[in-house]
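User: I am new to this structure and would like to learn how to read it. Please take me through the features one at a time.

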Amino acid sequence: MDPVKTLPKSLILFILLFSVIFPVHGRQDPRRLEAMRVAHPPKMDGTMSDPIWQLAFPATGFMQYEPHNDRPASFETEVRVLFDDNSIYIGALLFDPSPDSILTELGLRDADDKLNADQFWVDINPFNDGVNGFRFKVSASGVETDVNMSGNTGNRGDLNWDAVWSSKVSITDFGWVVEMEIPYSALRFPKGAVQDWGINFWREIRRTRESSSWNFVNRRIGDPLGSMGLLSGLEGIDPPLRLAFFPYVSGYMEKNGGDLGWARTFNGGMDVKYGISESFTLDMTLVPDFGQVHSDARVLNLTPYEVKYDENRQFFTEGTELFSKADLFYTRRIGTEPKGYRSVRNELQENEVIEENPVETRLINATKFSGRTSRGLGIGIFNGMTAASHALLLDTLANETREITTQPFTNYNLVVLDQSLPNNSFVSLINTNVSGSSEGYTANVTGTEFRLLDRTNMFRTSGKAALSQQYFSQADNNFGYKYDLNLGKYGGTWQYSYSRSVISDTYEQNDMGFLRRNNEVNDEIALSYNIFDPFWRILNYSTGLSFEYSRLFNPRNFTGMELEYNLRILFDTRFFIIFRANYKPKGERDYFEPRAPGRFYETDDAFDLYLMYSTDYRKRVYLDGSFSYEKINSIYNQDGFNFDFRPTFRASDRLNIGYGLNYTDKRNDIGYVRQNNPDEVYFGKRNSPTTINTLRATYIFTPTIALNFDLRHYWSRVFYDGDYFFLSNNGRLDAIGEDLQIPDINYNAFTIDMKLTWNLAPGSQLSLVWKNIIDSHSSDASPTFLENLEQTLNEPQVNSFSLKLLYYIDYQMIRRAVGR
């Protein structure tokens, strides 16, 4: 009996209809390319004129990724791969019938897709597990970009990763040519007599915004790491001893605030990279110097939550993909503000003042150990140590000082295991531990993260979970947990998902991680419709709906409900828009703004609209920007808007200038101002305008010498209009008819970061930096913009001039030089 005939006709019709509406596109078998072993490296001059290249088989037949995902590439591309005992060599002929139209803008290293230039790149995954990989990219102007695509860094990967490799390019009468040398020391790969690596070659024709790949990548799935071809023929290569030293010397001239003279300091130290085995690397920073890192984008914070700032220290941004599992590691915790910094004033005795109180703990050293076995098990270990921090108090009458400890010697540890699974899936286990940050205190968090996909890579289940433990020598210990669960169809025309996030009221990870708040439960469902094939004037299109319902974890009280509609369109003119509309039909119950246990502030229904736009980056002048508006339907007439306007002017292939204006105005905003005790919480009505001006300019002298200028002025004011309220137990506000005399706020953060960089050799750099920092706070919020700017520039400020030389010393290079 035919089993199909036994099915009800309505069920058969439903199955057929489902397969049409929700089609599943299977993955194609990977293409294969054989690499050719050579006795000596090819001549690297960017022309591929060395006859040795002809020994290798060509990779051809590129297929478009954008704009048409089902067509051959417009122009031919041929790629050949050679290898020897030290490196893998990649040569590419990129044919173009109009070589004079090839775009060649210069830019900083790791400019990636911000560069208005044709580009070629290769993705390499020595483990061929669909999860990990490295990207090496070169533009037609010779600008190099390298990206660590491993872990959960997303399709863009980790641009902070910097490998030591080299390339040459040239533009010819038939197109352009790329030659790359990637030393084995830049990669991690297992031992094996014969190896097959995952590989894919890509090309972007910038003037038409066409990107294509050698092995087809289905844009409906959008997973480059899971859609690689195979590079075979790699025989008799052994992972080299990977030992490299990065010694540095630096000198500073600094003037701090109102100090009369300039202070001079000299520093020296070293970073060490040691390949303990073929796949594992030990990274150490000894006596680190982070004085040249980019300034923080400081803001005025009126919320009850901590502000999360970006990490700009290279050691903590490079090669940390393993350590980001389960979102438990926030590197800014190491070398941050001492735990007792803000409580020093409470320690003052009669006639005492604060003489010294360091705002950061001093990092002694930090060590990273990471790698992956031939069976796909990733292992990462991190350790950082900070010295004890002390405040110095001065008795002004007796002229005597005493010292109090604001944070003892502190030890930070992290261990992570990450196992790659079939179908580009993985499962991870991670533990963080902090000891010594205060006497008798230890913080421990153990977590997991997983991602499971089907064979088509369309359907996915993923999640994160963690258990936190806080141990006190003289108090009860504290335990808490969190978990996130996501499941759904994340590829194809129709996509849908369900997500659940739970954080207990006792969960805490902020000793080594970052958590905005705990005690919440969120459930969300989402549905979207996506068009990947161009039609009319549209290249791709996506629209969707989502619904989120939020509660406290303990007690399970309602906190919010939100319905969202979103739309994303990319036109053939490269004009890109995102539109989003949110509606909160029941308003919110905010249990955090009152800063008092058990109290909440209840708002009425609200909506907000958001529109983002971006124009064609190929133009000499292009724009990015956004506009948003929010409205709370209350008797207080609360609303606000924001607009962001960021034009960029490409004066030439060497000079790029960008300006940004961001303005936010919260009108009749109502927020916490004071509490006498948990039963007496007061709110105030205020207007809060914020203006951010930025100016960025980059001038590229050569592909290895560049000057970068970055100015930011953040100006935020708060005006209280004299209307104050008492927060009642039902979450509503009662006017008190009394002026609490809360002072207005005028906050300015002004920074300049100017850096001249010379990449004098692969891995080596000479940098000259000027940093100017002004941070001012007053209660006079009345001046005009120009008056305020003049006042700000006259405030005490930090000026720093520094010169730093970092030099790369590779053991293999020394060994080969001595051998000759």
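User: How many helices and strands does the protein have?

Analyst: Helices (H or I, at least four residues) and strands (E, at least two) are DSSP runs, numbered from the N terminus. In this case there are 4 helices and 44 strands. The radius of gyration of the protein is 29 Å, close to the 28 Å from the globule rule for 820 residues, so the protein is as compact as a globular protein of that length. That radius is taken over C-alpha atoms, and the globule rule is 2.2 Å times the number of residues to the power 0.38.

User: What should I know about the model before going further?

Analyst: This is a predicted model, in which local features need pLDDT of at least 70 and side-chain atom pairs count only at pLDDT 80 or more, while totals for chains, interfaces and linings use all residues. Residues are numbered from 1 along each chain as its sequence is written, and side-chain values use heavy atoms, with hydrogens and water left out.

User: What percentage of the residues count as buried?

Analyst: Buried means under 20% relative accessible area, exposed over 50%, and partly exposed in between (1.4 Å probe, protein chains only). Of the 820 residues, 49% count as buried. The protein exposes about 38,100 Å², and carbon and sulfur atoms supply 55% of that area. Accessible areas come from the Shrake-Rupley method with a 1.4 Å probe; for residues, only the protein chains shown count as cover.

User: What box do the C-alpha atoms fill, and what share of the contacts joins residues at least 24 apart?

Analyst: Taken along the principal axes, the box is roughly 85 × 80 × 55 Å. Among contacts between residues at least 6 apart in sequence, 63% join residues at least 24 apart.

User: Where are the cis peptide bonds between Glu66 and Pro67 and from Asn554 to Pro555?

Analyst: Start with omega, then find the loop. For the bond joining Glu66 and Pro67, omega is about 0°, and Pro67 lies in the loop between strand E3 (63–66) and strand E4 (77–83). For the bond from Asn554 to Pro555, omega is near -5°. Pro555 lies in the loop between strand E29 (538–551) and strand E30 (558–571).

User: Is Met48 buried or exposed, and is Gln741 buried or exposed?

Analyst: Met48 counts as buried, at 8% relative accessibility, whereas Gln741 is exposed at 61%. Each has a positive phi without being a glycine: about 55° for Met48 and near 55° for Gln741. Met48 sits in the loop between strand E2 (36–37) and E3. Gln741 sits in the loop between strand E40 (733–735) and strand E41 (745–761).

User: Which residues does Arg37 touch?

Analyst: A contact list leaves out residues up to four places away in sequence; for Arg37 it holds Phe83, Asp84, Asp85, Glu235, Gly236 and Ile237. Arg37 is found in strand E2 and is partly exposed, with a relative accessible area of 35%. Its C-alpha atom is separated by 8.7 Å from that of Asp85, 48 residues apart along the chain.

User: Which residues are in contact with Arg333?

Analyst: With neighbours within four places set aside, Arg333 is in contact with Glu306, Tyr412, Asn510, Asp511, Met512, Gly513 and Phe514. Arg333 counts as buried at 10% relative accessibility, and its place is in the loop between helix H2 (314–317) and strand E17 (352–356).

Definitions and conventions:
Contact = heavy atoms within 4.5 Å.
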